[in-house]
Amino acid sequence: MKATENLWLRKIAEDPSHSRWYIQRFRNLAARGADLAGEARLVDAMVPRGARILDAGCGTGRVGAHLAAAGHQVVGVDLDPELIAEAQAAHPGPTWLVGDLSELDLPSAGVPAGFDVIVCAGNVMTFVAPSTRREILCRFRAHLADGGRVAVGFGTGRGYGYDEFLTDAKAARLAPDLLLSTWDVRPYTPDSDFLVALLTAA
């Protein structure tokens, strides 16, 4: 994958302090008492206690940390080593790993597949290289447990349209179970500018 294809890597190339800015941004939000766990609450409602959850594109660990505190077994993966270092320091407990989602192969790293939920929040799918989107969804499908689901959320005005996403999901053998416009369970409509898709293995 060329770094110029991945929007996050491009931002770092243009501004080496970008990751540190991002980390500080979420530290500041947490200090102000901002609600940083909306995505996690929806995912928590989807599974019983002790579920295995993959936080794909975990960033600083805000979603995975909340899920771990709720009693789940969490593995987080992100491309950015600085963000993973922050997750490890700020949220000990879950397994935080540096990795490219388009090359996701957790069993080769000693982490079993078979996740009850894979959550991909924070517009991650709009930051990855467009040429890797379908492969990433295929990798998610390969890491699901029987009956598991994938929860993906992103702004549809960021260059990855609703129809294109669902076409990629179908190619990855993932079918829409429920489509929402927010993480607080509001229905998706053609006018929605955000998509939360809950997908199951097809």
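In this predicted model, the axes of helix α1 and helix α2 (residues 18-31) come within 8 Å and cross at roughly 110°. Angles of 65 to 115 degrees count as roughly perpendicular, and α1 and α2 are therefore roughly perpendicular to each other.

**Contact of α1 with α2**
- On the α1 side, the contact is made by Trp-8, Lys-11 and Ile-12.
- On the α2 side, His-18, Ser-19 and Tyr-22 take part.
- By residue class, the contact of α1 with α2 comprises 3 nonpolar, 2 polar and 1 charged.

**Aromatic pairs and cluster**
- A pair of aromatic rings is described by the distance of the centres and the angle of the planes.
- With ring centres within 6.5 Å as the criterion, the model contains 7 aromatic pairs.
- One of these is the edge-to-face pair of Trp-8 and Phe-127, with 5.7 Å centre to centre and 75° between the planes.
- Trp-8 belongs to helix α1 (residues 7-14) and Phe-127 to helix α6 (residues 124-127), so this pair ties together parts that are 119 residues apart in sequence.
- Burial is assigned under 20% relative accessible area; Trp-8, at 11% relative accessibility, therefore counts as buried.
- Phe-127 likewise counts as buried, because its relative accessibility is 17%.
- Phe-154 and Phe-165 form an edge-to-face pair, at 5.3 Å centre to centre and 65° between the planes.
- Phe-154 lies in strand β5 (residues 144-155) and Phe-165 in helix α8 (residues 162-171), so the pair ties together parts that are 11 residues apart in sequence.
- Both Phe-154 and Phe-165 are buried.
- One aromatic cluster is formed by Trp-8, Tyr-22, Phe-26 and Phe-127; of its members, Trp-8 and Tyr-22 also take part in the contact of α1 with α2.

**Charges over rings**
- Arg-52 places its charged end over the ring of Phe-115, 4.2 Å from the ring centre.
- The ring of Tyr-160 has the charged end of Arg-133 over it, 4.0 Å from the ring centre.

**Helix α4 and its surroundings**
- Within helix α4 (residues 62-69), the buried residues include Arg-62, Val-63, Gly-64, Ala-65 and Leu-67.
- Gly-71, which follows α4, has a positive phi, near 105°.

Key
Residues numbered from 1 in each chain as written. Predicted model: local features only at pLDDT ≥ 70, side-chain atom pairs only at ≥ 80, totals over all residues. Heavy atoms only, no water. Phe/Tyr/Trp six-rings, centres within 6.5 Å; stacked < 30°, edge-to-face > 60°. Helix = DSSP H or I, 4+ residues; strand = E, 2+ residues; numbered from the N terminus. Buried < 20%, exposed > 50% of the residue type's maximum accessible area, 1.4 Å probe, protein only. Lys NZ or Arg CZ within 6 Å of the ring centre and 35° of its normal. Axes fitted to C-alpha atoms, helices over the stretch in contact; angles between N-to-C directions. Parallel < 35°, antiparallel > 145°, perpendicular 65-115°, else oblique. Contact = heavy atoms within 4.5 Å. Nonpolar A, V, L, I, M, F, W, Y, C, P; charged D, E, K, R; others polar.
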